[in-house]
Amino acid sequence: MSFELLLEAIVFGVLLGCFYAAVSIGLSVAFGLLDVPHVAHPAIMVLGSYCTYVLGRYGWDPIVAGIALMPLFFLLGVAIYRFYYESFEKRGSDAGVRGLAFFFGLAFIIEVGLILVFGVDQRMVEAAYIGRSLALGEFRIPWRMVVAFGVALALTAGLTIYLSRTFTGRAIKAVAQDEPALRLMGANPVRIKQWAFGIATGVTALAGAMLIVVGPVEPSLDRVYIGRTFAVVVLAGLGSMTGTLAAGLILGISESIVLMQFGASWAPAVAFGLLLVALGIRPQGLFGR
Amino acid sequence: MRFVSFILGLAFSAAALAQSAPVKIGIGIAQTGTLGGGGKAALLALQMWVEDVNARGGLLGRKVELLAYDDQSNPATTPGIYTKLLDVDKVDLLIAPYGTVPTAPIMPLVKQRGLLLMGNFSFQVNHTVKHDMWFNNAPWGDATSWTEGFLRIGQNIGAQTIAFIAADQEFAQNLANGAKEIAKKSGLKTVYEQNYPPATVDFSAMIRAIRAAKPDMVFVCSYPNDSVAIVRAVNEIGVGPTVKLFGGGMVGLQFTPVMESLGSSLNGIVNYHSYVPGMKYPGIEDFLQRYAKKAAEAKVDPLGFYLPPFNYAIGQILEQAVAATKSLDQKLLAKHLHGHEFNTIVGPISWGPDGERARPAVPMIQFRNVADKNVEQFRQIGKQVILHPPQFKSGDPVVPYEKARGGN
Amino acid sequence: MKFWIGMAVTVALAAGLALSRTNEYFFYAGFVVLQFVVLATAWNILGGYAGYVNFGTAAFFGIGAYTAVVLFKAAGAPLALQILAAAAISGLLGFGTGLLTLRLRGIFFSIATVAVIFIMETAMVNWRYVGGATGMQLLRPPVMEPFESYTRMLFVAMAILAVIAVSIARYIEVSWIGRGLRAIRDSEEAAECFGVPTLKLKLFACTVSGALMGAAGAAMPMYMSFIEPPSSFSLTYSVSALAMPMIGGTSHWLGPVIGAVLLGSVQQIVTVTISNEINVLVVGVLLVVFVVAAPDGVLGLLKKLRWLLRSSR
Amino acid sequence: MSKHFGGFSALSEVSLEVAAGERFGLIGPNGSGKTTLINCVSGALRNEAGSIVFRGEEISRLAAYQRTRRGIARSFQIPRPFHSMSVLENLVVPLGYVVGLNDTDAHAEAVRILKTIGLADKAQTPSNRLSQVELRKLELARAMAARPRLLISDEAMAGLAGNEVDEVLKILFDLNATGITIIMIEHIMQAVMRFSQRVICLDAGRIICEGAPAEIVKNPEVQKAYLGA
């Protein structure tokens, strides 16, 4: 593979990687910090894409639609966590196994619900930055990737700063590390976790909007993203936000190089390969506690 | 697969048909998924034929009933659908799903149970199974009939090297492998070839690789969703100045919704088709007008050039065969179909021993000065210029592709 | 003893039905229900008894199917040999996944098994001999004597496989292996410290569970007379094989059988009457409802009912 | 032997000997490496350096269940019953896997052990319905069921009332009387001092003193370790 093709692959990989980070950061909070086995995270993201598509039909720009959907998805997140807490975490027992099955069932319900409403056809959105590319000499970088990169970067940075700088952000990190201690200090961990899960789901709406900007979406797309998001979160290390960006870039670049060198049929295995390697060697991830 | 049952009995002839049981024809056909655009139009044409044949007294004096299920363009569903059509709905005649990929899984089933299957725009789906009761309605036969037009146009304008992209599925692999052999035989050097999985969404990497390979021609074998993504990627990234000819086997660029949404980015592409305005067949104009009215009501593909005429032709062939043999016995019908030629609204149709067209004629067209967001423009002659075969030729190719595309 | 009579009756019933005049579609749908009995029972050996939630059922099922295809294409092997080979290969894959449990537990193990599905699928997509992503048509061999159609033979074969799977599950459950697995599920550290060879038992459970799933997959290519990676490795197999024991009840070998028959039949009826997607929706909804409302499944409900009846008298 | 987790060395060059049949006390502030030590001995953890010899056999390479079968049993600081099983069945696990009894003998033997430890009436109750002290007794009963030569009791009396402490102490004394060597880890000083023939004190992964209980109590190092400088 010639040098400039490799360079082009790396540039494309960086754009893709940052997008993967934004897609996974919601899961970093839900699973990394709150230990909620949120296997339905990619399905909720695809739901966000379809809501963006519906708003797009009324002329909304995808990014604006994504931002507008965030409060709605925040409430959805709060509701889901409330239901999950009442049915599983409160009872303690082997909540892990049942919780996992619950989220897997939820992912399937969302996926099939989308098929019933929208059919299995691919859906895409129209926007000024979709379809044209930025010409840098020989290189041509599609604008849709640049825009997704920008929004993703803002999203990841925003959430990282929110969690480390603001009061509620630190409370969320505290509840992740030592819930009993927090309880002794008079804070109600359930409400904090609920708020955190709401934010994680709200952020996922914007990630979903970016997903449909990057390319056409179909209901079963969430299955491939289960691998990618968990690969990023595990590689990053549980609860490490900055790690999510680094892990996303690693995944993006390696997938892009494999795509260029071996063709698209090997690309899906890259994420899962990385996931298995990360789980095997360093389950606590690169930056994990 | 939504149970879509269309029982159509016109009032004034109902009395004549009421007493005997209906002739049931079964089909699984894509209403959703990558082939959905074409499937909806094809099903509408079949329903038009059922209405017309019932108006003429049905088959053997019995009302015709069409049972259709949506196979979602997914091959995994068709065995289930056709077993249900045969064992639960107990249909009398079978029509194949639209497209090679959904049809492939049921070929062993119909061969083992010795059933007549009317093909529906599949490509070489019978070449391994070799079922002798298979009759394809498509205008193409083997790979040569499809690709020689494209390759000869390229060589006439001095092309020496060629690149191939093909989806990793039954249709694209059959076509691409055939095309590669013919290209080698006619002295073309392959500089790049790549198979991609059917679910691929982003083709920028492949288009960049083609740019780097600098081929004279690019032969693409793709299904509708991929075709749209490829045209978009070419629009975004461009294939480079050396490419004289781009296209060949891109399914989907014949569906009106796709042509409308791609619009001007289609310009310059040289691709196959089945029927375009300017090809004179007896009765096709009248059919297209009637079809356009019905399509508007059903909010389906308003032009109906690609699949509808050939699906209506399936009905015509069945009607003539059943009338001639006076029976619904599938073996008898098959024998009759092998021995005769049938006049249809897409010209005379007869088959070789493998059930593919005896005299194939696959038009290669080039999109010229197509405007955005305008469907009616495609009814005029100049938008899809026929470059091959000679008997329908209406113009010479505009080369190279970047110029014809008028792109950046 | 009652158990073995039940098993013998089941096989006799299946064979009798296959030779009777019943409509062909019954065998087409019945095959799928029996296949899920095998998958759910196999899943429960690892998931229910040992508490390791395996989301990778689709991987073992798919590998079993592809092993059968390779044997059929290369050597025209008969169905029985295909099933045995598929069980062996998938058992090997199960052993491999078992080694994962050395370092991974809970959700990490489950996510790793999802990874196994996609890696196996990508491997098959890139293996031209078995048709790659294109998939492959398979011509069924001529039908062997007593059966009128190949589907009926497959139906009886799957019934026998279901009986074997249930017998294995029952043997494990009542034997000391089952007690060891339950100890692992309750507390792996305590089990190890009280003499239970946890690694050996986990590997055993993974291998047996994988082998049975592979065997269930082996008959699939002949049943469909077509094989392609996306449908052979579909996540629907993983969720159904997980949902059925959860619905039926994971603590007893009868649980997965009830779940499979209940859910499997509802799926087949819904597919015929309404549409294919609804049947997947049914799986999702029932899984969530039972996991939340009835954690111990139908068996749990029955036990509570019996307890209420006894104490109210 | 020594054991470290990444950079942190939990145990550095600790060496000690316990005679057969001895009552041995192990004390030290939290985080001094007590539990790490017994986890290495019981096989839950692997020590990087050094060796563990039990009745003349090097066992640091063996898995925990193999060590249990050679006669090392332990109870857990936080009780870990097999919660889906009854109290009786909890004992049947070690009786089956360690002692190798068939089901009927195992059940009979389990009932006998439950009588000696005073849990006979709770035989059929599911183990997740037991009180704290009953759970502690179950831990000891399970350890006894493994017919150990060496029993490690890891804070079996933490958080118990005075009379309950005496009850557990009596059980441990009776076990020792049958020839079982016992290593006791406790923070309740008067219990350890009353029970142990010899005591060592661990602090920050090192043995800081060893000797009879009376000396240990007076030793300034021990007081400094516990009460801080």
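**Notebook: chains A to D of a predicted model**

I began with a strand pair in chain A: strand E1 (residues 133-136) of chain A and E2(A) run antiparallel and are joined by four bridges. Strands pair here if DSSP finds at least two bridges between them. Helices (H or I, at least four residues) and strands (E, at least two) are DSSP runs, numbered from the N terminus.

Conventions, noted once. This is a predicted model, in which local features need pLDDT of at least 70 and side-chain atom pairs count only at pLDDT 80 or more, while totals for chains, interfaces and linings use all residues. Residues are numbered from 1 along each chain as its sequence is written, and chains are lettered from A and ligands numbered from 1 in the order in which they are written.

**Entry 1**

I then checked the faces of strand E2 (residues 139-142) of chain A: Arg140(A) and Pro142(A) are on the covered face, Phe139(A) and Ile141(A) on the uncovered one. In a regular strand the side chains alternate between the two faces of the sheet.

**Entry 2: which chains touch**

I used contacts here, meaning that the C-beta atoms of two residues, placed from the backbone, lie within 7 Å. Four pairs of chains touch, and the pair with the most contacts is A and C. There, 32 residues of chain A are in contact with 33 residues of chain C. On the chain A side, helix H4 (95-118), helix H9 (222-236) and helix H11 (267-281) each supply at least two residues. H4(A) gives the most, with 14 residues. By class, this side of chain A has 22 nonpolar, seven polar and three charged residues. For the classes, Ala, Val, Leu, Ile, Met, Phe, Trp, Tyr, Cys and Pro count as nonpolar, Asp, Glu, Lys and Arg as charged, and the others, Gly among them, as polar.

I next took chains C and B, where 21 residues of chain C are in contact with 24 residues of chain B. Helix H2 (residues 24-49) of chain C gives the most to the chain C side, with three residues. That side has nine nonpolar, nine polar and three charged residues.

For chain D I checked two pairs without contacts. No contact joins chain A and chain D, and their closest C-alpha atoms lie 10 Å apart. No contact joins chain B and chain D either, with closest C-alpha atoms 42 Å apart.

**Entry 3: the domains of chain B**

Chain B is divided into domain 1 (3-139 + 281-349) and domain 2 (143-273 + 368-405); the bounds come from an automatic or database domain assignment. The centres of the two domains, taken over C-alpha atoms, are 30 Å apart. I found 16 residues of domain 1 of chain B in contact with 17 residues of domain 2 of chain B. Helix H2 (36-55) and helix H4 (100-103) of chain B are the elements that give two or more residues to the domain 1 side. That side has nine nonpolar, six polar and one charged residues.

**Entry 4: a sheet in chain B**

I traced an open sheet of seven strands with mixed pairing, in the order E8-E7-E9-E10-E11-E14-E15 (chain B). Strand E8 (189-196) and strand E15 (384-388) of chain B are at the edges with a single partner strand each, so one side of each has no neighbour in the sheet. The twist from one strand to the next averages 25 degrees. Angles run from 0 to 180 degrees between N-to-C directions, with axes fitted to C-alpha atoms, for helices over the stretch in contact.

Strand E7 (residues 161-167) and strand E9 (residues 217-222) of chain B pair in the parallel sense over five bridges. In E9(B), Met217(B) is the bridge partner of Ile162(B). Helix H9 (residues 224-237) of chain B packs on the sheet, touching E7, E9 and E10 of chain B, and its direction makes about 145 degrees with that of E9(B).

**Entry 5: confidence in chain B**

I checked pLDDT, the predictor's confidence in each residue, from 0 to 100. Chain B averages 87, and 95% of the residues score at least 70. Over residues 1-14 of chain B, pLDDT stays under 50. Where pLDDT is low, the predicted coordinates should not be read in detail.

Methods: A residue is buried if 20 or more other C-beta atoms lie within 10 Å of its own, exposed if 12 or fewer, and partly exposed in between; C-beta atoms are placed from the backbone.
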